[in-house]
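Here are some friendly notes to read alongside the structure. Keep the viewer open and look up each residue as you meet it.

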Number of protein chains: 2
Amino acid sequence: MKLLEDKITKDGLVLSHDILKVDSFLNHQIDASLVSEMGKEWKRLYENEEITKILTIEASGIGIACIAALYFDVPVVFAKKSKSSNIGNDFYTAQAYSFTHGNTNDIIVSKKYLSADDKVLIIDDFLANGAALNALVSICESAGATVVGMGVAIEKKYQGGGDKLRAKGYRVESLAMVNSMSPETGVEFYRE
Amino acid sequence: MKLLEDKITKDGLVLSHDILKVDSFLNHQIDASLVSEMGKEWKRLYENEEITKILTIEASGIGIACIAALYFDVPVVFAKKSKSSNIGNDFYTAQAYSFTHGNTNDIIVSKKYLSADDKVLIIDDFLANGAALNALVSICESAGATVVGMGVAIEKKYQGGGDKLRAKGYRVESLAMVNSMSPETGVEFYRE
């Protein structure tokens, strides 16, 4: 999606080969009108699919998932990061390792809000190694829900998480795919 | 706002005199079309005010703030809960005591995303004692930004936080105001 790529080129900060900061428009300050265009694009990509729910993970997935949900006219459910590993039987749980924070989070979704009838679009801001998305897939599997596909804002393609998900048969629609980046040369986007 | 009051009456769970669970439509599962109507209502209430930024706090404020931002056509900034109290000089910080979790959070906002030029609408899902909103006001004061007003989904009026903010001169627009509640009788809304 050219609009997002241009925004990344203009306002993204490449701190290293691994770290792209987009907190001026995506995950601390949020450019709601840009995100609205992203939602519209995911709707275009998935327009022939039946989707009953959008699933994301706190915190930075919530804003983009909620705005996208307006185009799909379905509820959003966001997985919470649990502080306690003893949360009873009312939740689906999965573990997600965070490379940003260097720790493992237990993420939880109430069993009330995801069921075997649901056809789920998973949305998140970043896809690198795929830890968060795989944890959300695992939660859908626990619920017996169908994963229709994934909508990602920025995929760091060279980290492989997206291609592993595609190899498993999941549809992954990333609106910007980073092929490589460095503080000196900036971001080079992947072209198919 | 009748739509929100009706939703609370229908789907809110009153667990005690203090605890109202709205996680089926506001802070775990999110009814995006309801939230869109809430955003429209805040825009109506503040339509004569100049607003340059919406400020909220993670996690459950983010979704409603992002959808509201579409009506105001301004960026959202969400305060993050900091794990470290040593975060350098690049952030405004404040402390917010969480009655839900029984702990104090340091919340932070990058100095890049709030300035003395900003006219801020603060949005959050709940207003009880006002701890979160007061922390966000404190961050605006640190930035020299103007607080134009606040948009709250549900105010528990009997806990007094909203009236303390109004007594200080802040405009607080709560879309549903709870006068009292109990598991036996449900929610009674405040009428002026």
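**Notes on a two-chain model**

1. Let us start with charged pairs: over all chains, the count comes to 28 salt bridges. Please remember as you read that this is a predicted model. Side chains of opposite charge can pair when their charged atoms come close. The next points look at some of these pairs.

2. Look for Lys53(A) and Asp118(A), whose side chains meet in a salt bridge with an N to O distance of 3.6 Å. Lys53(A) belongs to strand E4 (residues 53-57) of chain A, while Asp118(A) sits in the loop between strand E7 (103-110) and strand E8 (119-127), so the pair ties together parts that are 65 residues apart in sequence. Is Lys53(A) buried or exposed? Its relative accessibility is 10%, and Lys53(A) therefore counts as buried. Asp118(A), at 8%, counts as buried too.

3. A second pair in chain A is Lys157(A) with Asp163(A), joined by a salt bridge at 2.6 Å, N to O. Here the two partners fall into separate classes of accessibility. Lys157(A) is buried, with a relative accessible area of 14%, whereas Asp163(A) is partly exposed at 32%.

4. Now move to chain B, where Arg44(B) forms a salt bridge with Glu41(B); their closest N and O atoms are 2.8 Å apart. Arg44(B) counts as partly exposed at 48% relative accessibility, and Glu41(B) counts as buried at 18%. Salt bridges can also share partners: in this way Lys7(A), Lys10(A), Asp11(A) and Asp31(A) are joined into one network.

5. Stay in chain B and find Asp118(B), in the loop between E7 and strand E8 (119-127). With a relative accessible area of 8%, Asp118(B) is buried. Which side chain does the side chain of Asp118(B) meet in a polar contact? The partner is Thr52(B), at 2.8 Å. Leaving aside neighbours within four places in sequence, Asp118(B) is in contact with Thr52(B), Lys53(B), Tyr113(B), Ala145(B) and Thr146(B).

6. Met177(B) is buried, with a relative accessible area of 12%. Not counting residues up to four places away in sequence, Met177(B) touches Glu155(B), Lys157(B), Arg166(B), Glu188(B), Phe189(B) and Tyr190(B). For a sense of distance, the C-alpha atoms of Met177(B) and Ile51(B) are separated by 24 Å, and the two residues are 126 apart along the chain.

7. Next comes helix H3 of chain A, residues 60-72, which has 13 residues. From its first C-alpha to its last, H3(A) reaches 19 Å, close to the 18 Å expected at 1.5 Å a residue. Ten of the 13 residues are buried, so H3(A) is largely enclosed by the rest of the structure. Among these buried residues are Gly61(A), Ile62(A), Cys66(A) and Phe72(A). Just after the helix, Asp73(A) takes a positive phi of about 60°.

8. How are the two chains related? A rotation of 180° with 0.0 Å of shift along its axis superposes chain B on chain A, with an RMSD of 0.0 Å. The two copies are thus related as by a two-fold rotation axis. In chain B, the C-alpha nearest that axis belongs to Gly63(B), 2.4 Å away from it.

9. Finally, look at where the chains meet: 31 residues of chain B are in contact with 31 residues of chain A. All of the interface residues of chain B (100%) are also interface residues in chain A, so the copies meet through the same surface. The area buried between the chains is about 2600 Å², and carbon and sulfur atoms give 65% of it. His28(B), Gln29(B) and Tyr113(B) supply 26% of the area that chain B buries against chain A, more than any other three residues.

10. What kinds of contact cross between the chains? The count is zero salt bridges between chain B and chain A, but there are 14 residue pairs in polar contact. Elements giving two or more residues to the side of chain B that touches chain A include helix H2 (32-45), helix H3 (60-72) and strand E5 (76-82) of chain B. The largest share of that side, six residues, comes from H3(B).

Methods
Residues are numbered from 1 along each chain as its sequence is written. Chains are lettered from A and ligands numbered from 1 in the order in which they are written. This is a predicted model: local features need pLDDT of at least 70, side-chain atom pairs count only at pLDDT 80 or more; totals for chains, interfaces and linings use all residues. Side-chain values use heavy atoms; hydrogens and water are left out. Copies are superposed by least squares on the C-alpha atoms of residues with pLDDT of at least 70 in both. Contact means heavy atoms within 4.5 Å. Helices (H or I, at least four residues) and strands (E, at least two) are DSSP runs, numbered from the N terminus. The expected span of a helix is 1.5 Å times one less than its number of residues. Buried means under 20% relative accessible area, exposed over 50%, partly exposed in between (1.4 Å probe, protein chains only). Buried area is the accessible area (1.4 Å probe) that two parts lose on being put together, summed over both. A salt bridge is a side-chain nitrogen of Lys or Arg within 4 Å of a carboxyl oxygen of Asp or Glu. A polar contact is a pair of N or O atoms within 3.5 Å; within protein, one must be able to donate a hydrogen and the other to accept it, and residues adjacent in sequence count only if both atoms are side-chain atoms.
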